[in-house]
Amino acid sequence: MKNLKMIVMCGLFLSLTAGEISAYVMPLEQILARVRKRFAAQYSLIIEQATHVIQSRDPLIEEVFGEKVWLKNPRYERTMEMNTLAIQNAKMGGSKIIPANATENQASEDQPDQAFRQPNQDASYRWLLMDNPKGGISAYLSQLGIQIWDLGYDRCDGVVAYRVGNRDPQSPRLLVDKERFFPLLLSYMLPGDPQGRLVTVRFKDYRKSDAGWYPYEIEYELEGAPLEVYDILNLTANAPIETSFFEMKVEPPPTPVRPSPNQGQPDDDHLREIMRKLEKKYQ
């Protein structure tokens, strides 16, 4: 009987000890220092991506755009659609870029009817994935409205993660993979948005390059807007980019004015005139 009591008491003691150990959360600066190491060698990035604007998943309704993103510390960013780049290159004598799923004729025919989509100008989440000064990530998270003193555990797609910020899914927060220290989810209030809408970004498919790690799939969700998924096609780290490049602006070309159906075509009129002269000559 005494042995049984001893076994029960030992079991309770061990369970309590294990509970205390599992409840321990690493201090904030230690978590963020390990996150920083993943991206500490990336000072500039040039990203080519396929952007999927998803209106519905069932049935799947989406638009796909090719985009190019330039990033450079401190906080220089520029995003352009590939078609816009093609127009700029054509003006400069460069090669024309055409989407892979369209022929050149289709691209030229469809272009007048397409409204120019404005690329997503919110790059807030991207700076977490680049070099940051020591202690800079915590200051940046505070700027995004994250309560950095509120720490705990959570799960993201089944992965155990450190949580920085409020537990409420509708509050700004950061979830970091407990084992690998990759950011898994970042949510914050859209900067400058009068409606104060929440942005939720998920990072997936991390891959390693010579300069560090980067997620090759990013989901960007803004309240009241279609989900956007960015599939990274090509990534170049630490290429030199002049600061003046980020100050350049490219205006979209005006939409060509289509002639009225009743309007005569000069080439057709000229051809008919030649045919009349030939008929008279050989009558």
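**Strands and helices**

Reply: Five of the seven residues of strand 5 are buried (under 20% relative accessible area, with exposed meaning over 50% and partly exposed in between, for a 1.4 Å probe and protein chains only), so strand 5 is largely enclosed by the rest of the structure. Helices (H or I, at least four residues) and strands (E, at least two) are DSSP runs numbered from the N terminus. This is a predicted model, in which local features need pLDDT of at least 70 and side-chain atom pairs count only at pLDDT 80 or more, while totals for chains, interfaces and linings use all residues. Residues are numbered from 1 along each chain as its sequence is written, and side-chain values use heavy atoms, with hydrogens and water left out.

Me: In what order do the ten strands of the open sheet lie, and which are the edge strands?
Reply: Two strands pair if DSSP finds at least two bridges between them. With antiparallel pairing, the open sheet has the order 3-2-1-10-9-8-7-6-5-4. The strands that pair on one side only, and hence form the edges, are strand 3 (76–81) and strand 4 (151–156).

Me: Which residue of strand 5 is the bridge partner of Leu151?
Reply: Strand 4 and strand 5 are antiparallel and share six bridges. Their hairpin has two residues between the strands, and Asp157 there takes a positive phi near 50°. Within strand 5, the bridge partner of Leu151 is Val164.

Me: Which residue of strand 6 is the bridge partner of Arg163?
Reply: Strand 5 and strand 6 run antiparallel and are joined by five bridges. In strand 6, Arg163 has as its bridge partner Leu175.

Me: What angle does the direction of helix 2 make with that of strand 6?
Reply: Helix 2 (residues 28–39) packs on the sheet, in contact (heavy atoms within 4.5 Å) with strands that include strand 4, strand 5 (159–165) and strand 6. Axes are lines fitted to C-alpha atoms, for helices over the stretch in contact, and angles run from 0 to 180 degrees between N-to-C directions. The angle between the directions of helix 2 and strand 6 is about 70°.

Me: Is helix 2 roughly parallel or roughly perpendicular to helix 5?
Reply: The axes of helix 2 and helix 5 (residues 136–143) come within 9 Å and cross at roughly 105°. Angles under 35 degrees count as roughly parallel, over 145 as roughly antiparallel, 65 to 115 as roughly perpendicular and the rest as oblique. Helix 2 is therefore, relative to helix 5, roughly perpendicular.
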